[in-house]
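Good morning, and thank you for making time for this item. I would like to take you through one protein model, and I ask you to keep the sequence and the structure in view as I speak.

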Amino acid sequence: MNAEPLRPVLYDEARDVVRVLDQRRLPADEVWLELASAEEVVQAIKNLTVRGAPAIGVAAAYGLAVEARRGAEAPRLREVAETLVHARPTAVNLAWAVRRMSRRLGLGAAAILREAHAIRDEDEAACRRIGALGAPLLPPRASVLTHCNAGALATAGYGTALGVVRAAVEAGNAISVFADETRPFLQGARLTAWELKRDGIPVTLLTDGMAGWLMARGEIACVVVGADRIAANGDVANKIGTYALAVLAAYHHLPFYVAAPWSTVDLQTADGAAIPIEERGDEEVLMLAGQRIAPVGVPARYPAFDVTPEALVTALITERGVVRRPFGPGLAALAAR
Ligand code: MRU
């Protein structure tokens, strides 16, 4: 393990800026950006400088803190909150964090920053608890498949799906990871591979179409992914490609685990059909590393997320507990805690 924990979103109180590790530049360059306004935070969320459901919630919280510390009053902060909520639609952690911050907007800059720090600290603690609860679900020697990046980079630190992996490794188990490259933004190839290598955890890269074949050959023990929103019935929105992996896992009788903090659970949304799915511009699909890969004039689709029906999920791993089917009553019971 790397001695220095990876924390991709921080607040610099001396300079009054939000510091974010630029995830567009990894793995080639480790560049930290300083965001001095909520508008800069909104842009950083939209253009995926900072990404991953819990991490964008933390960034939004600090976006409100930076405005408050630079003199914005409650009415202006409420406008800013509205803009932040709409930066990306699918991950409910963003709306959750802004809603939580909104209860502090009249209390002064110090209270607002304290709340943002609390959101950051609690998310990292939740990830560590998710790791502790999820690690025993993995066999002592196992190759785990993951999709996108649900690691330290996507959270306040430690990660959800990769938190489970980290905790299992810390417990002495021989865990290796297959990382889907995750077209088109390549979160798996660029980010998951980078942070696991940084921690000395064995990781092997796959292109997105390879998982089925490796499952058929018995090379994958289970799938562990993160989530952007979990509906009240247990349906899971996550990075596009997750649904296909869940279908493959079910066909091959492999466990399919979803690891997420409670801030990702949205009991107001009955099921996956009601989850808004972000559609991004098709140039991200048509271009690869700055090169056009399709004929000019051919359009592309880019739904950035998909919904995995709860029937394909083996268990939801949250910091409040591990939930198995039927998820509705299980989630409702955890909500009451
Ligand atoms: O578009 P992204 O990179 O923000 O999508 C991220 C994911 O889909 C993650 O799996 C999810 O946010 C969980 S992060 C702990």
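Let me start at a strand pairing. Threonine 318 has glycine 321, in β16, as its bridge partner. Please bear in mind from the outset that this is a predicted model. The two strands concerned, β15 and β16, form a hairpin with 2 residues between them. They run antiparallel and are joined by 3 bridges.

Strand β15 also pairs with β10. Here the strands run parallel, and again 3 bridges join them. Within this pairing, tyrosine 257 has alanine 315 of β15 as its bridge partner.

What, then, lies on each face of β15, residues 315-318: buried or exposed side chains? In a regular strand, side chains alternate between the two faces of the sheet. In β15, Ala315 and Ile317 are on one side, Leu316 and Thr318 are on the other, and all of them are buried. Both faces of this strand are therefore covered.

Ile317 is among the residues touched by valine 164. Valine 164 belongs to helix α6, residues 161-170. Its relative accessible area is 1%, so valine 164 counts as buried. Leaving aside residues up to four places away in sequence, valine 164 touches Ile130, Gly131, Gly134, Ala135, Leu138, Ala259 and Ile317. There is also a separation to note: cysteine 127 and valine 164 are 37 residues apart in sequence, while their C-alpha atoms are 8.4 Å apart in space.

I turn now to the overall division of the chain. The domain assignment gives domain 1, residues 9-127, and domain 2, residues 133-335. Their C-alpha centres lie 24 Å apart. Domain 1 brings 28 residues to the contact, and domain 2 brings 32 residues.

That brings us to the space inside the protein. How many cavities of 30 Å³ or more are there? The count is 1 cavity, and the space in this largest cavity is about 230 Å³. The lining is made of 28 residues, and the closest to the centre of the cavity are Arg51, Gly52, Ala53, Asn149 and Asp228. Two or more lining residues come from each of α2, residues 53-69, and β9, residues 236-239. Helix α2 gives the most, with 3 residues. By type, the lining residues divide into 14 nonpolar, 9 polar and 5 charged.

Next, a helix and what covers it. In α4, residues 92-102, the buried residues are Val92, Asn93, Leu94, Ala97, Val98, Arg100 and Met101. An α-helix has 3.6 residues a turn, so residues three or four places apart point the same way. The elements that cover the buried residues of α4 include α1, α2, α3, α5, β8 and β11.

I will finish with the backbone. Most residues other than glycine have a negative phi, and most peptide bonds are trans. Where does this model depart from that pattern? Among the places to look at are two cis peptide bonds and two positive phi values.

A cis peptide bond joins arginine 183 to proline 184, with omega about 5 degrees. Proline 184 sits in the loop between β5, residues 174-180, and α7, residues 187-198. The loop from β5 to α7 also holds leucine 186, whose phi is positive, near 65 degrees. Leucine 186 has a relative accessible area of 18%, which is under 20% and therefore counts as buried.

The other cis bond joins arginine 325 and proline 326, with omega about 0 degrees. Proline 326 is in the loop between β16 and α11, residues 327-335.

The remaining positive phi belongs to histidine 253, near 55 degrees. This residue lies in the loop between α9, residues 242-251, and β10, residues 256-259. Is histidine 253 buried or exposed? Its relative accessibility is 72%, so histidine 253 counts as exposed.

Note on methods:
Residues are numbered from 1 along each chain as its sequence is written. This is a predicted model: local features need pLDDT of at least 70, side-chain atom pairs count only at pLDDT 80 or more; totals for chains, interfaces and linings use all residues. Side-chain values use heavy atoms; hydrogens and water are left out. On a 1 Å grid over the protein atoms alone, a cavity is a set of points where a 1.4 Å probe fits but cannot get out, and a pocket is an open set with protein on both sides within 12 Å along at least five of seven lines; lining residues have an atom within 4 Å of a point. Grid points are joined across faces, edges and corners, and a volume is the space filled by probe spheres set on the points. Helices (H or I, at least four residues) and strands (E, at least two) are DSSP runs, numbered from the N terminus. Ala, Val, Leu, Ile, Met, Phe, Trp, Tyr, Cys and Pro count as nonpolar, Asp, Glu, Lys and Arg as charged, and the others, Gly among them, as polar. Buried means under 20% relative accessible area, exposed over 50%, partly exposed in between (1.4 Å probe, protein chains only). Two strands pair if DSSP finds at least two bridges between them. Contact means heavy atoms within 4.5 Å. Domain bounds come from an automatic or database domain assignment.
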